[in-house]
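Good morning, and thank you for coming. Please take a moment to look at the chain on the screen before I describe how its parts are arranged.

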Amino acid sequence: MTPRWPERLWIVRHGESAGNVACDLAYQQGLARIDLTGRDVDVPLSALGEQQARALGHWFAEGREEGRPNVVLSSPYQRAQATARLFREAGGCPADTRIHLDERLREKEFGILDGLTGKGIRAEYPRQAELRASLGKFYHRPPGGESWCDVIFRLRALMDTVGLHHGGCRVMIVAHQVVVLCLRYIIEGLTEEEILAIDRENDVANCSITEYRWLAGAEGSDGGMELVRYNVTAPMEAEDTPVTREPDPIVGSRG
């Protein structure tokens, strides 16, 4: 019988993006708006982000993970697609591995707050800043945007697809910081308080590895996924590639 879950599941945040760099600069300079034009979906990797993606691929190619993924799923955002492609080109998975794009892995949508720093939101949309402070980011949904709950809703459907089509496979998901955290919430059955406490401990590093392995259950049970490691940056450290972690701004960021 085909297992209900993948044999291995790696969840990876994309490499550093031009948006990450612009966001950090905006906060350092106390600006109200992040200096980016065009759609968030089209934001590319920075040169360092490309280097991080290759380091991740080399890590898997060298056998550091006891196997390579044979299924790769990616957010359709350019920074995630590029990370997956560079990972494959560096030998992280077989060269003929198809990269499956899935819109359910996209970045959290910030609606009218997109592109604003915390300072900008407080100036332009003070009521939204108040609502976010009272509701918390798990439940606050800005107009035209999403809450963490909205992201979790679409990711539950994604995990049903993964179980249906990729049971017993070695699967890698390449996406965004909030996706990594929300998948932890789903897979481990966490509470709001538990996942927000994990979020507060540290930001998810670019190209870091979060790994799950399937554990067989008792007879009559299909088992489940067990967390092996979270937010591991060893691939970058092995090649002396700088590790980057974009801080979570007051309301939102390009993660």
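I begin with a definition: two strands are said to pair if DSSP finds at least two bridges between them. Please also keep in mind that this is a predicted model.

Let us apply that definition. Strand S2, residues 71–74, and strand S4, residues 170–175, pair in the parallel sense over four bridges. For one of the partners, look at Ser-74, whose bridge partner in S4 is Val-174. In general, the strands of a sheet pair through backbone hydrogen bonds, and the pairing may be parallel or antiparallel.

In what order do the six strands of the open sheet lie? The order is S3-S2-S4-S1-S5-S6, and the pairing is mixed. At the edges are strand S3, residues 99–101, and strand S6, residues 224–232, each of which pairs on one side only. On average, neighbouring strands of this sheet are turned by 20° against each other, with direction ignored.

His-14 lies in the loop between strand S1, residues 8–13, and helix H1, residues 18–28. According to UniProt, in an unreviewed entry, the feature "active site" is placed at His-14 and Glu-107. These positions are spread over 94 residues of sequence, yet they cluster in space, with a largest C-alpha distance of 10.8 Å.

I turn next to the helices, starting with H2, residues 47–61, and H3, residues 78–89. These two helices pack at an angle of about 40°, and their axes are 7 Å apart. On the H2 side, the contact is made by Glu-50, Ala-53, Arg-54, Leu-56, Gly-57 and Phe-60, and on the H3 side by Thr-83, Leu-86 and Phe-87. By class, these residues of the contact divide into five nonpolar, two polar and two charged.

How do helices H6 and H7 cross? The axes of H6, residues 148–165, and H7, residues 177–188, come within 9 Å and cross at roughly 65°. H6 and H7 are therefore roughly perpendicular to each other. This crossing, too, is right-handed. Among the residues that meet here are Trp-148, Ile-152 and Met-159 in H6, and Val-178, Cys-182 and Ile-186 in H7. The contact of H6 with H7 has 13 nonpolar residues, no polar residues and one charged residue.

Finally, H7 also meets helix H8, residues 192–201. Their axes come within 10 Å and cross at roughly 145°, and the crossing is right-handed. Leu-181, Arg-184 and Tyr-185 in H7 meet Glu-192, Ile-195, Ile-198 and Asp-199 in H8. In this contact there are four nonpolar, no polar and three charged residues. Leu-181 and Tyr-185 also belong to the H7 side of the contact with H6.

That concludes my presentation, and I thank you for your attention.

Technical notes: Residues are numbered from 1 along each chain as its sequence is written. This is a predicted model: local features need pLDDT of at least 70, side-chain atom pairs count only at pLDDT 80 or more; totals for chains, interfaces and linings use all residues. Side-chain values use heavy atoms; hydrogens and water are left out. Axes are lines fitted to C-alpha atoms, for helices over the stretch in contact, and angles run from 0 to 180 degrees between N-to-C directions. Angles under 35 degrees count as roughly parallel, over 145 as roughly antiparallel, 65 to 115 as roughly perpendicular and the rest as oblique. A crossing is left-handed if the near helix is turned anticlockwise from the far one by less than a right angle, and right-handed if clockwise. Contact means heavy atoms within 4.5 Å. Ala, Val, Leu, Ile, Met, Phe, Trp, Tyr, Cys and Pro count as nonpolar, Asp, Glu, Lys and Arg as charged, and the others, Gly among them, as polar. UniProt positions are given in the numbering used here, feature names are shortened, and annotations may be inferred rather than shown by experiment.
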